[in-house]
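Please look over the model below before reading my points. Keep it open beside the text and find each residue as you go.

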Amino acid sequence: QVQLVESGGGLVQPGGSLRLSCAASGSIFSINTMAWYRQAPGKQRESVAAIISGGSMNYLDSVKGRFTISRDNAKNTAYLQMNSLKPEDTAVYYCHARGRTAVVAPLRDYWGQGTQVTVSS
């Protein structure tokens with residue numbers, strides 16, 4: 001089994017910054033993709049940013065130029081640097097990983113418990 005633990009959420013004023021971290025632990029053989037999703041009240045969960053093992057990244061249009069995803073493969077940890085935060089970025093942010101627990105195991109999806117990000121003055 002694989003566990004994901006997020007940290008770094010909180011309350012920040014508009015224009016401020018936060019850095020989210022997601023550490024994967026457990027029976028990890030390999031992680032293909034690590035990503036951040038978010039869900040605001042009354043809205044569907046949406047993909048914010050993703051990074052694959054080779055380093056390719058993609059972003060939600062509304063966060064391009066403000067958010068940066070990165071990962072430390074040696075530590076099985078992903079980060080989301082969020083700058084120039086806006087009230088509309090307020091949501092619960094979830095870490096997602098897709099990986100295997102063994103060389104012959106199927107790819108599985110794993111989720112963290114979520115961390116609240118609130119952007120408000």
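**Notes on the model**

1. A nonpolar patch. Phe 29, Val 103 and Val 104 make up a nonpolar patch on the surface, and together they have about 350 Å² of accessible area. Patches are built from residues with over 30% relative accessible area and no salt bridge; like charges are joined within 9 Å, and nonpolar side chains (Val, Leu, Ile, Met, Phe, Trp, Tyr) within 5 Å. Accessible areas come from the Shrake-Rupley method with a 1.4 Å probe, and for residues only the protein chains shown count as cover. Phe 29 sits in the loop between β3 and β4 (30-39). Phe 29 counts as partly exposed because its relative accessibility is 48%. Buried means under 20% relative accessible area, exposed means over 50%, and partly exposed lies in between (1.4 Å probe, protein chains only).

2. Ground rules. This is a predicted model: local features need pLDDT of at least 70, side-chain atom pairs count only at pLDDT 80 or more, and totals for chains, interfaces and linings use all residues. Residues are numbered from 1 along each chain as its sequence is written, and side-chain values use heavy atoms, with hydrogens and water left out. Helices (H or I, at least four residues) and strands (E, at least two) are DSSP runs, numbered from the N terminus.

3. The disulfide. How many disulfides does the structure hold? It holds one. Cys 22 and Cys 95 form this disulfide, with their sulfur atoms 2.0 Å apart. A disulfide is a pair of cysteine sulfur atoms within 2.5 Å. The torsion about the S-S bond of Cys 22 and Cys 95 is about -80 degrees, so the disulfide is left-handed. The pair links distant parts of the chain: Cys 22 is in strand β3 (residues 18-26), Cys 95 is in strand β9 (residues 91-100), and they are 73 residues apart. Both Cys 22 and Cys 95 are buried.

4. Salt bridges around Asp 89. The count comes to five salt bridges. A salt bridge is a side-chain nitrogen of Lys or Arg within 4 Å of a carboxyl oxygen of Asp or Glu. Asp 89 and Arg 38 meet through their side chains in one of them (3.0 Å, N to O). Asp 89 counts as buried because its relative accessibility is 1%. Arg 38 is buried too, with a relative accessible area of 6%. The side chains of Arg 66 and Asp 89 also meet in a salt bridge (2.8 Å, N to O). Arg 66 lies in the loop between β6 (57-59) and β7, and Asp 89 in the loop between β8 and β9, so this pair ties together parts that are 23 residues apart in sequence. Arg 66 is buried, at 10% relative accessible area. Which residues are linked in a network of salt bridges? They are Arg 38, Glu 46, Arg 66 and Asp 89.

5. Another salt bridge. Asp 109 forms a salt bridge with Arg 98, and their closest N and O atoms are 2.7 Å apart. Asp 109 is in strand β10 (residues 108-111) and Arg 98 in strand β9, 11 residues apart. Asp 109 is partly exposed at 41% relative accessible area. Arg 98 is partly exposed at 37%.

6. The cavity. A search of the whole structure finds one cavity of 30 Å³ or more. On a 1 Å grid over the protein atoms alone, a cavity is a set of points where a 1.4 Å probe fits but cannot get out; lining residues have an atom within 4 Å of a point. Grid points are joined across faces, edges and corners, and a volume is the space filled by probe spheres set on the points. The largest cavity has a volume of about 30 Å³. Its lining residues include Val 2, Ile 28, Ala 97 and Tyr 110. β9 gives the largest share of the lining, three residues. Ala 97 is found in strand β9 and is buried, with a relative accessible area of 1%.

7. Positive phi. Phi of Asn 76 is near 50 degrees, a positive value in a residue other than glycine. Asn 76 is in the loop between β7 (67-72) and β8 (77-82). Ser 84 also has phi near 50 degrees, and its place is in the loop between β8 and β9.

Methods. On a 1 Å grid over the protein atoms alone, a cavity is a set of points where a 1.4 Å probe fits but cannot get out, and a pocket is an open set with protein on both sides within 12 Å along at least five of seven lines; lining residues have an atom within 4 Å of a point.
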